[in-house]
Amino acid sequence: MANVHYMIVEHEGGWAYKVGDVFSERYAAHNEAREAAERAAAGQRLPGPTEDIEYQDEAGDWHEEISLGKDRPETDVAG
């Protein structure tokens with residue numbers, strides 16, 4: 001199972017949450033960024049519908065899989 005880590009960081013004169021190398025919008029206060037990250041993290045854990053997915057790997061080969069709606073990542077918020 002995948003893990004998604006949300007980190008609260010200073011960003012552009014305010015605060016943001018960051019997942020990997022991607023920043024959220026800027027928030028004026030740390031607690032606003034933290035609350036937004038908690039909402040986003042909770043949304044990641046919500047189950048969804050089972051769907052057929054198709055993707056291309058790094059070698060250019062196409063794959064088809066079934067994505068179970070209950071296969072959701074674990075999430076955490078730090079900072």
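What follows is a friendly dialogue on reading some features of a predicted model.

Reader: Before we start, what should I know about the values and the numbering?

Author: This is a predicted model, where local features need pLDDT of at least 70, side-chain atom pairs count only at pLDDT 80 or more, and totals for chains, interfaces and linings use all residues. Residues are numbered from 1 along each chain as its sequence is written, and side-chain values use heavy atoms, with hydrogens and water left out.

Reader: Let's begin with strands. Which strands does β1 pair with, and in which sense?

Author: First the terms. Strands (E, at least two residues) and helices (H or I, at least four) are DSSP runs, numbered from the N terminus. Two strands pair if DSSP finds at least two bridges between them. Here β1 pairs with strand β6 (residues 74-78) in the parallel sense over five bridges, and β1 pairs with β2 in the antiparallel sense, also over five bridges. To find the pairing on your screen, look for Val 4 opposite Thr 75 in β6, and for Met 7 with its bridge partner Lys 18 in β2.

Reader: How many residues lie between β1 and β2 in their hairpin?

Author: Two, and one of the turn residues, Glu 12, has a positive phi of about 50 degrees. The hairpin of β2 and β3 also has two residues between its strands, with Gly 20 at a positive phi near 65 degrees. Strand β3 (residues 22-23) pairs with β2 in the antiparallel sense over two bridges, and there Lys 18 stands opposite Phe 23.

Reader: Which residue takes a positive phi in the hairpin of β4 and β5?

Author: That is Gly 60, near 90 degrees, in a hairpin with five residues between the strands. β4 and β5 pair in the antiparallel sense over six bridges, with Ile 53 opposite Glu 65 in β5.

Reader: Now aromatic rings. How is a pair described?

Author: By the distance of the ring centres and the angle of the planes. Rings of Phe, Tyr and Trp (its six-membered ring) pair if their centres lie within 6.5 Å; planes under 30 degrees apart count as stacked, over 60 as edge-to-face and the rest as tilted. This structure holds one aromatic pair. Tyr 6 and Tyr 17 form it, at 5.6 Å centre to centre with 55 degrees between the planes, and it is tilted. Tyr 6 lies in strand β1 (residues 3-11) and Tyr 17 in strand β2 (residues 14-19), so the pair ties together parts that are 11 residues apart in sequence.

Reader: Are Tyr 6 and Tyr 17 buried or exposed?

Author: Buried means under 20% relative accessible area, exposed over 50%, and partly exposed in between (1.4 Å probe, protein chains only). Tyr 6 is buried at 5%, and Tyr 17 counts as buried at 18%.

Reader: Which residues make up the largest nonpolar core?

Author: A nonpolar core is a set of buried Ala, Val, Leu, Ile, Met, Phe, Trp, Tyr and Cys residues joined through side-chain atoms within 4.5 Å. The largest has 10 residues: Val 4, Tyr 6, Ile 8, Tyr 17, Tyr 27, Ala 33, Ala 36, Ala 37, Ala 41 and Val 77. The elements that give two or more residues to this core are β1 and α1, and α1 gives the most, with four.

Reader: What does Val 77 touch?

Author: Contact means heavy atoms within 4.5 Å. Leaving out residues up to four places away in sequence, Val 77 touches Tyr 6, Ile 8, Arg 34, Ala 37, Glu 38 and Ala 41.

Reader: And where is Gly 48?

Author: Gly 48 lies in the loop between α1 (30-44) and β4 (51-56), and is partly exposed at 40% relative accessible area. Beyond its neighbours within four places in sequence, Gly 48 is in contact with Gly 69 and Lys 70. Gly 48 and Lys 70 are 22 residues apart in sequence and 6.5 Å apart in space, C-alpha to C-alpha.
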